[in-house]
2 protein chains.
Amino acid sequence: MQLSQFTDFALRTLILTALNGQRRTTIDEVATAYGISKEHVRKVVHQLSKLGLLEATRGRGGGIRLGMPADRILIGDVVRGTETNFAIAECHRHDGTGHCPIDGACRLTGILRGAADAFLSELDRYTLADILANRPALLMRLAPAA
Amino acid sequence: MQLSQFTDFALRTLILTALNGQRRTTIDEVATAYGISKEHVRKVVHQLSKLGLLEATRGRGGGIRLGMPADRILIGDVVRGTETNFAIAECHRHDGTGHCPIDGACRLTGILRGAADAFLSELDRYTLADILANRPALLMRLAPAA
């Protein structure tokens, strides 16, 4: 049971961007800070911008900033918006690749769905601001040129 | 966010075995009913037996039965016992392959762990017997030779 690397990187991108506040963060900075590829960061930034969680500007002096205050960004919403696969088991696939013969009769489908909802509800108890409360320790690790 | 195929097959194996009651179910039967490989079923049965959830006997007339009453088998416990990877994000890996630089300072680690616990707690509200309550519909789909 794990989240995709995409979601993981999205959460990390939001953390660094939030730490930098009003100063625009570049894709290079995110990639360097976490030791991940620029291509990954670019895709993450594209998706987070579409969700309104980041505001991106191009060109010289461009970069990313939060698209809304950190205390309004629910962790559950980030995961909902970046996790492309919420098919906990085969019966949740709606792409025609699920072949379980008891699909439709099996109560596990709903039970697993309820558990995924509980997972997301728990994440909704926290905002990006809750994570930033640990700002000094995070800055020490990431040392952004803030 | 998904469970492993191993956990999925483990839950299905328990369902068919429970439907067959005291009659021993064979690995062939499970494989045929769900259209999955015998090798997968064999590994699942081995693990479920180790957990005490199945009781397996070898040889002619052998096969599997539940190792305890269905109403004592919590779905959460099945998942805990079969899901090998509970590393929701990189920071939960304890095999040395996690490299996130904010690991140890980041509150997300605990928040994600809490969400996984909420997922499992929700599953603990149900037992295998709750799924069998839909017995006629399940039998119609699986048509075990009971």
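1. Starting with the fold: reading along the sequence, chain A runs through the pattern α-α-α-β-β-α-α-α-α. In total, that chain holds seven helices and two strands.

2. Please keep in mind that this is a predicted model. The confidence values for chain A are a mean pLDDT of 92, with 98% of its residues at 70 or more. For the complex, the predictor reports an ipTM of 0.90 along with a pTM of 0.91.

3. Next, the dimensions and packing of a single chain. The C-alpha trace of chain A extends about 55 × 30 × 25 Å along its principal axes. Chain A has 146 residues, and 38% of them count as buried. If we take the contacts in chain A with a separation of 6 or more, 65% come from residues 24 or more positions apart.

4. Chain A can be superposed on chain B by a rotation of 180° with 0.0 Å of shift along the axis, and the RMSD is 0.0 Å. This is the relation of a two-fold axis. A handy landmark is Phe119(A): within chain A, its C-alpha is the one nearest the axis, at 2.5 Å.

5. Last, how do the copies meet? They do so through the same surface, because 100% of the interface residues of chain A are interface residues in chain B as well.

Notes. Residues are numbered from 1 along each chain as its sequence is written. Chains are lettered from A and ligands numbered from 1 in the order in which they are written. This is a predicted model: local features need pLDDT of at least 70, side-chain atom pairs count only at pLDDT 80 or more; totals for chains, interfaces and linings use all residues. pLDDT is the predictor's confidence in each residue, from 0 to 100. Copies are superposed by least squares on the C-alpha atoms of residues with pLDDT of at least 70 in both. Two residues are in contact if their C-beta atoms, placed from the backbone, lie within 7 Å. Helices (H or I, at least four residues) and strands (E, at least two) are DSSP runs, numbered from the N terminus. A residue is buried if 20 or more other C-beta atoms lie within 10 Å of its own, exposed if 12 or fewer, and partly exposed in between; C-beta atoms are placed from the backbone.
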